[in-house]
Amino acid sequence: MDDTAMDRFDTSRFEASRNRLASLAYRLLGSAVDAEDAVQDAFLHWQAADRQRIKVPEAWLTKVVTNLCLDRLRSAQARRERTAGAWLPEPLLDGDPMLGPADTFEQRESVSLAVLTLMERLSPLERAVYILREAFSYSHTEIAKILDITETASQQHLHRARHRITAARRGGGEVDSASARRIVEEFLDAASSGRTERLVALLTDDATAISDSNGAGLAETLLRYDTPQRIAAIARAGFKPTPAKRRLAGGTPAIHFALVNGAPAILFVIGDQVIGAVTFDIAGGRIATVRGIAAPTRLARLTEAWRQREPDTPLITQW
């Protein structure tokens, strides 16, 4: 095999792992953009390596991507961004290959916006061990080799990560799509009609809401609300359409139901552009967390995925 043919063969071997590597990087970083950058950097490492000496390409690439992501998580810039109060995971439309693997509950949960947010409380190593074990089923022996730590250290990191996530987790497990849609429709109906009491009843007693927009534009830091009454008041005001809001949005959006990172969501769509997303975490048949996302950079990949599918009938045709 000549050099050109060998390069093509090696490139095809890398491409066969691209989706898996991207889903690993996304879970570690919580950002599709950063995940794509990490995978591209890994490709450059792959091209520069003596590939004939790499016995197990999948293991080698996993190690490279994991450590590239750890470098990003440890960087001063990342620490500033994530501690400045303006960081949210980047939402992805269900069906995006970056959300895989999704065969088990643990795999699906590891890519939920709730767990991606909770993982911000973990150290980079705890986060890596948790993802490699829970989402990709690597053994502690394999994880130790990937991270250059001992098996005992890997077990300890996993124990601490599980404890911290379990202690902070507020969700009530998976919700079937029909029930999720019903809850979202009830929320939208109550918010649109201004029925504050009904909104409060749909929320858990310890519900929280997070938004990157204050209704008049993007906020410098995330806005947080932590009582059902306050969330209901904000939702009622936020979901009330006005000429000013339509001017700010650039038109009259339609509102669609969707699944985002496995959770129910509503999308505000103008033409083929998603201009806003509201996601919901459900616990015990009620809404535990509401996230409002409007930053175009956070919605870019979701919008691209939305354009590739045939949308269903909107919940509201013209908001």
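**Note on helix packing and selected residues**

1. Helix H3 passes helix H7 in a right-handed crossing. The structure under review is a predicted model. H3 and H7, the latter covering residues 124–134, pack at an angle of about 145 degrees, and their axes lie 10 Å apart. On the H3 side the contact is made by Thr62, Thr66, Leu70, Leu73 and Arg74, and on the H7 side by Pro124, Leu125, Arg127, Ala128 and Leu132. Sorted by class, these residues of the contact of H3 with H7 are 6 nonpolar, 2 polar and 2 charged.

2. Two packed helices are described by the angle between their axes and by the distance between the axes.

3. Helix H3 (residues 57–74) also packs against helix H8 (residues 140–147): their axes come within 9 Å and cross at roughly 60 degrees. An angle under 35 degrees would count as roughly parallel and one of 65 to 115 degrees as roughly perpendicular, so H3 is oblique to H8. H3 passes H8 in a right-handed crossing. Thr62, Lys63, Thr66, Asn67 and Leu70 of H3 meet Lys145, Ile146 and Leu147 of H8. The contact of H3 with H8 divides into 3 nonpolar, 3 polar and 2 charged residues.

4. How do the axes of H7 and helix H9 (residues 151–168) cross? They come within 8 Å and cross at roughly 90 degrees, which means that H7 is roughly perpendicular to H9. From H7, the residues Leu125, Glu126, Val129, Tyr130, Arg133 and Glu134 take part; they meet Ser154, His157, Leu158, Arg160, Ala161, Arg162, Arg164 and Ile165 of H9. By class, the contact of H7 with H9 has 6 nonpolar, 2 polar and 6 charged residues.

5. Helix H12 spans residues 228–238, and its residues Pro228, Ile231, Ala232 and Ala235 are buried. Seen down the axis of H12, the buried residues fall within an arc of 100 degrees, so they line one face of the helix. Against which elements do the buried residues of H12 pack? Their partners are helix H10 (177–193), helix H11 (196–202), strand E1 (203–213) and strand E2 (218–225).

6. Arg20 belongs to helix H1, which covers residues 3–29. Leaving aside residues up to four places away in sequence, Arg20 touches Glu58, Thr62, Phe136 and Tyr138. Thr62 is also one of the H3 residues that meet H8. The C-alpha atom of Arg20 is separated by 41 Å from that of Ala201, and the two residues are 181 residues apart along the chain.

7. The backbone deserves attention at Pro101. The peptide bond from Gly100 to Pro101 is cis, with omega near -5 degrees. Pro101 is found in the loop between helix H4 (76–83) and helix H5 (105–109).

8. Two further loop residues have a positive phi. For Asp148, in the loop between H8 and H9, phi is near 55 degrees, a positive value in a residue other than glycine. For Asn261, in the loop between strand E3 (254–260) and strand E4 (263–270), phi is near 50 degrees, again positive in a residue other than glycine.

9. Are Asp148 and Asn261 buried or exposed? The relative accessibility of Asp148 is 61%, so Asp148 counts as exposed, the cut-off being over 50%. Asn261 is buried because its relative accessible area is 3%, and buried means under 20%.

How values were computed:
Residues numbered from 1 in each chain as written. Predicted model: local features only at pLDDT ≥ 70, side-chain atom pairs only at ≥ 80, totals over all residues. Heavy atoms only, no water. Buried < 20%, exposed > 50% of the residue type's maximum accessible area, 1.4 Å probe, protein only. Helix = DSSP H or I, 4+ residues; strand = E, 2+ residues; numbered from the N terminus. Arc of directions from axis to C-beta. Contact = heavy atoms within 4.5 Å. Axes fitted to C-alpha atoms, helices over the stretch in contact; angles between N-to-C directions. Parallel < 35°, antiparallel > 145°, perpendicular 65-115°, else oblique. Left-handed = near helix turned anticlockwise from the far one by under 90°. Nonpolar A, V, L, I, M, F, W, Y, C, P; charged D, E, K, R; others polar.
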